[in-house]
Amino acid sequence: MKTVDIIGAGLAGTEAALQLADRGVRVRLFEMRPAVGTPVHTGAGCAELVCSNSFKSMKPESAAGMLKHELSLLGSRLYACALASKVDAGGALAVDREAFSRRATQHVDAHPNIERIVGEVREPDYERAPDAVIIASGPLTSDALAQWISGIAGADNLAFFDAAAPIVAADSLDESILFRQSRYEKDAPGDYLNAPFSRDSYEAFIDALVSAQRVIMKEFETKDLFQACQPIEEIARKGIDAPRFGPLKPVGLADPATGKRPWAAVQLRAENAEKSAYNLVGFQTNLTFSEQRRVFRMIPGLEHAEFSRFGVMHRNTFVSAPGLLDRNLRLMRSLPSPTFIAGQLAGTEGYCEAIMSGVHVALSVFALIEGRAMPSIPSASSFGALLRYATDPATIDYQPMHVNFGIMPPLPERVGNKRLRYAAYAARGAAAFESYVAELKAAGLL
């Protein structure tokens, strides 16, 4: 029986473990928590979400929706867990994070081919001669393991700081001020709560935000932060209107109290099925806890908000994938056992992206240890485009990336209308990926 060691029981590691175990491979799944904690994890289970609880859009004509279709076609175990744990979030897939992790952990612990081992791994145990190793230790990889990876990679790991948004208790919100509406759905109740700003209240809020005390005030804050997860105060520093054209944009909303679009709006998304807690969408922050309490209570309807979780900053470590990993995310280094990197450590930013990298690496490992040819994932697919970007030696100043249409191969003919262009990307990607799935089945991998 073939054996694979997987380091890290986050999204990528858990998905890879389940995929390989389902194919008759013995898996040793290592997770350092709870023996060794992190600044942001609170539980001891598998696949714990520590930032947003949103898996993004379900719309087929979006890059995120394309990725979900691909996950479904490949039989992703964690995508199924997400669907079984979903909470209302308009056109997005959001989950009850505790229910999601609990389901994933139950699947792992019930599988006869998986041994879950708690403890820090400082480097892979090649002396046991596993048939392959998957490193999926995530953005909070321990210092010791990061040092080992850095030595193997032959260059310093890149590290930056990521930010998580606060969560507030629903019963502490003033729903006489907040209104429930999803963008462009004026006649429906909607899944989001919206806090409407007037121009004066918005400008007072921005003034307080940019002058508030932060936990860390060093050069890396503006230099090394991942652009898609910028703290709200960093966005505000770019100009008073920057948040209003970013996470606080009021587009598609109408305040029923005035019948008009607010000057700006904060959206709050349910954290669980009971809607007992809400996440401040786009409010990743590095403010001190006391300043978060003071400044965020200036948001209309949040004057008496009780914080279930304050926003936090945490380290995010990833390898420079171009030139280091091949298209199957295998380290191009001579090691005692074939070694792969999956999830955010490889720079595939995003929850579904991490899950898909777990599926992709599991299929690649299984093909390798069974001596079968691994079909090439098409670049026209959402994840194929992301892999092409992440593993292209021509990619300069590599940064973590979500799936998006900007990295997909151009269409053969220009389509001026954005909606039609996105639909064309999705149709082309779906056709290419379905052919890929047929190749996987023909190779006995799916």
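Mentor: One term before we start. Two strands count as paired if DSSP finds at least two bridges between them. Also, keep in mind that this is a predicted model.

Trainee: Fine. How many bridges pair S12 and S13, and in which sense?

Mentor: Three bridges, in the antiparallel sense. Ala270 stands opposite Tyr278 in S13.

Trainee: What sits between those two strands in the hairpin?

Mentor: Six residues lie between S12 and S13. Lys275 in that hairpin takes a positive phi near 55°.

Trainee: And the other neighbour of S12? How many bridges does S11 make with S12?

Mentor: Six bridges, again antiparallel, with S11 spanning residues 192–197. Tyr192 stands opposite Arg269 in S12.

Trainee: What holds paired strands together in general?

Mentor: Strands of a sheet pair through backbone hydrogen bonds, either parallel or antiparallel.

Trainee: Zoom out. What is the strand order in the sheet?

Mentor: S10-S11-S12-S13-S9-S14. That is six strands in an open sheet, with antiparallel pairing.

Trainee: Which are the edge strands?

Mentor: S10, residues 179–180, and S14, residues 307–309. Each of them pairs on one side only.

Trainee: Which residues sit on each side of S12?

Mentor: Ala264, Val266, Leu268 and Ala270 are on one side. Ala265, Gln267 and Arg269 are on the other. Both faces are covered.

Trainee: New topic: helices. At what angle do H3 and H4 cross?

Mentor: Roughly 140°, with the axes coming within 9 Å. H3 covers residues 77–84 and H4 covers 97–110. That angle is why H3 counts as oblique to H4.

Trainee: Left-handed or right-handed?

Mentor: The crossing of H3 and H4 is right-handed.

Trainee: Which residues make the contact?

Mentor: From H3, Arg77, Leu78, Cys81, Ala82 and Ala84. From H4, Phe100, Arg103, Ala104 and His107.

Trainee: How many of those are nonpolar, polar and charged?

Mentor: The contact of H3 with H4 has six nonpolar residues, one polar and two charged.

Conventions: Residues are numbered from 1 along each chain as its sequence is written. This is a predicted model: local features need pLDDT of at least 70, side-chain atom pairs count only at pLDDT 80 or more; totals for chains, interfaces and linings use all residues. Side-chain values use heavy atoms; hydrogens and water are left out. Helices (H or I, at least four residues) and strands (E, at least two) are DSSP runs, numbered from the N terminus. Axes are lines fitted to C-alpha atoms, for helices over the stretch in contact, and angles run from 0 to 180 degrees between N-to-C directions. Angles under 35 degrees count as roughly parallel, over 145 as roughly antiparallel, 65 to 115 as roughly perpendicular and the rest as oblique. A crossing is left-handed if the near helix is turned anticlockwise from the far one by less than a right angle, and right-handed if clockwise. Contact means heavy atoms within 4.5 Å. Ala, Val, Leu, Ile, Met, Phe, Trp, Tyr, Cys and Pro count as nonpolar, Asp, Glu, Lys and Arg as charged, and the others, Gly among them, as polar. Buried means under 20% relative accessible area, exposed over 50%, partly exposed in between (1.4 Å probe, protein chains only).
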